[in-house]
Amino acid sequence: MSYRFKPSELQHFNWMFNLAPCFPVNASKINIITEPSKFYDVLCERFHNAKRRISMASLYIGIGDLEKKLLEVTMDNVKVAKDLNFKVLLDNQRGTRGEVNSQTLFRQFTNGFSDRCHLSLYQTPRLQGVWSKVLPSRYNEIVGLQHMKLYITDDSVILSGANCSDDYFNQRQDRYIEIVDDDLSNFYCEIIDEVVKYSKQDGKVSNVISQDKNVIVKELSQSISSIIKRWKDSQTAKLQSLDKSLEYDTWVFPLLQMGEFNITQDEQATCRILSSVPRGSYFRLATGYFNLTENYANILLKDCKASISLLMAHPNANGFMGAAGPAGGIPHAYSLIARQFWQKVINYNQPSRVQMLEYERRGWTFHAKGLWYYPPGSSVPWATVVGSANLGERSVRRDLEAQAAILTSSLDLQKRLHDECSRLHDHASECSSELLQRKTPIWVRATVGLFRTYF
């Protein structure tokens, strides 16, 4: 396409126009939320004031008091705003776990408004047939999940990694970026609506999802690809016809990752972002669960010219710390995987270029993910990737993920992105030497060797 980034700091990313639709906005339309309690307050405010639509995708809705208050606020609005539709997409396995769950709570609050309140529960085609009966509850979630975290109200969309649950509203640190743009909100709504077609409707199996697994994979792959292409074409035409007097300072590229359906935008973008920037650049990456794919690890160690810092959860800040049964070993598993990566850093003679950090904050857990790109000589980032995907095998191969790359020449937004990143690192410390000394239970080592691709 003829549209190109004018700032030289962003010209390394011109290829993104061929990968995904581009939505130009002004930095003033982007709101960076830094605290989980503020994220909850914004959700309540947006759901209370929505006029046309509330469309959200999450892994699940919790059953605590904060979630109940959010649903109460939402339904008070639905009763008053007669044109308001409330749509929720959750994962079927997680959303129906236990006798009291996301589904029962949704029914409790929306009873009598089924014409304008809809709950859909996505189940991966991998769980069709014998697998749906063999794997017990909780363990069937490792096969694949609806993992997108999108909170859309009218022309606003909040991209996050946070679920709609009380722990994510209190002391579980994540990222939350709100973008006000009607076209972008429409795009994500279309994606949610398409996944809904292949989901259970409040527990009822539709004719569509009772089809053969291969048929579902083919159809959903084609329909999502078609939506992406249509928006890419329309946004390309929009960019080319923009009034030259309208100067946009920020560009948003939605990136989807649905590996089972051969939708790999996020993986493609991440690989190329990491490998295309010039020497002297700086990447700060974060993930709640450190389990780099082999491809990502190789790119970071062999192809990436930038300096890198990797921020992850300290075992004490991992949400599984103290869990009963095998889940209690998960924090140790991620530490082991991090230690194995650091050994590769040493083997490649990269310790001077790669830094590993752990987030630890008393009483808090860490779930933030994404990257920030600092061009050579810049003290602020010019780009970020935000959303639901971690950098591991699950995100790339099995789960449904929604991300966005945000590139900006706005100094104001750059400073706000830097402030967001710095806040996370206020509770971080370098951990490479400690990783090498940290002991891992034998059974965890064996489990990681067998099941690492499921983490």
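How many aromatic pairs does the count come to? The count comes to 21 aromatic pairs, where rings of Phe, Tyr and Trp (its six-membered ring) pair if their centres lie within 6.5 Å. This is a predicted model, in which local features need pLDDT of at least 70 and side-chain atom pairs count only at pLDDT 80 or more, while totals for chains, interfaces and linings use all residues. Residues are numbered from 1 along each chain as its sequence is written, and side-chain values use heavy atoms, without hydrogens and water.

**View 1. The F5 and W251 ring pair.** The ring centres of F5 and W251 are 5.1 Å apart with planes at 80°, so the pair is edge-to-face (planes over 60 degrees apart). F5 lies in the segment before helix 1 (16-19) and W251 in strand 11 (residues 250-258), 246 residues apart. F5 and W251 are both buried (under 20% relative accessible area, 1.4 Å probe, protein chains only). Ring pairs join F5 and W251 with Y3, F17 and F253 in a cluster.

**View 2. The F39 and Y151 ring pair.** Here the centres of F39 and Y151 lie 5.6 Å apart and the planes stand at 75°, so this pair is edge-to-face. F39 belongs to helix 2 (residues 36-49) and Y151 to strand 6, 112 residues apart. Both residues, F39 and Y151, are buried.

**View 3. The surroundings of H147.** H147 sits in the loop between helix 6 (131-134) and strand 6 (150-153). Its relative accessibility is 10%, so H147 counts as buried. The side chains of H147 and E401 form a polar contact of 2.8 Å (a pair of N or O atoms within 3.5 Å; within protein, one must be able to donate a hydrogen and the other to accept it, and residues adjacent in sequence count only if both atoms are side-chain atoms).

Terms used
Helices (H or I, at least four residues) and strands (E, at least two) are DSSP runs, numbered from the N terminus. Buried means under 20% relative accessible area, exposed over 50%, partly exposed in between (1.4 Å probe, protein chains only). Rings of Phe, Tyr and Trp (its six-membered ring) pair if their centres lie within 6.5 Å; planes under 30 degrees apart count as stacked, over 60 as edge-to-face and the rest as tilted.
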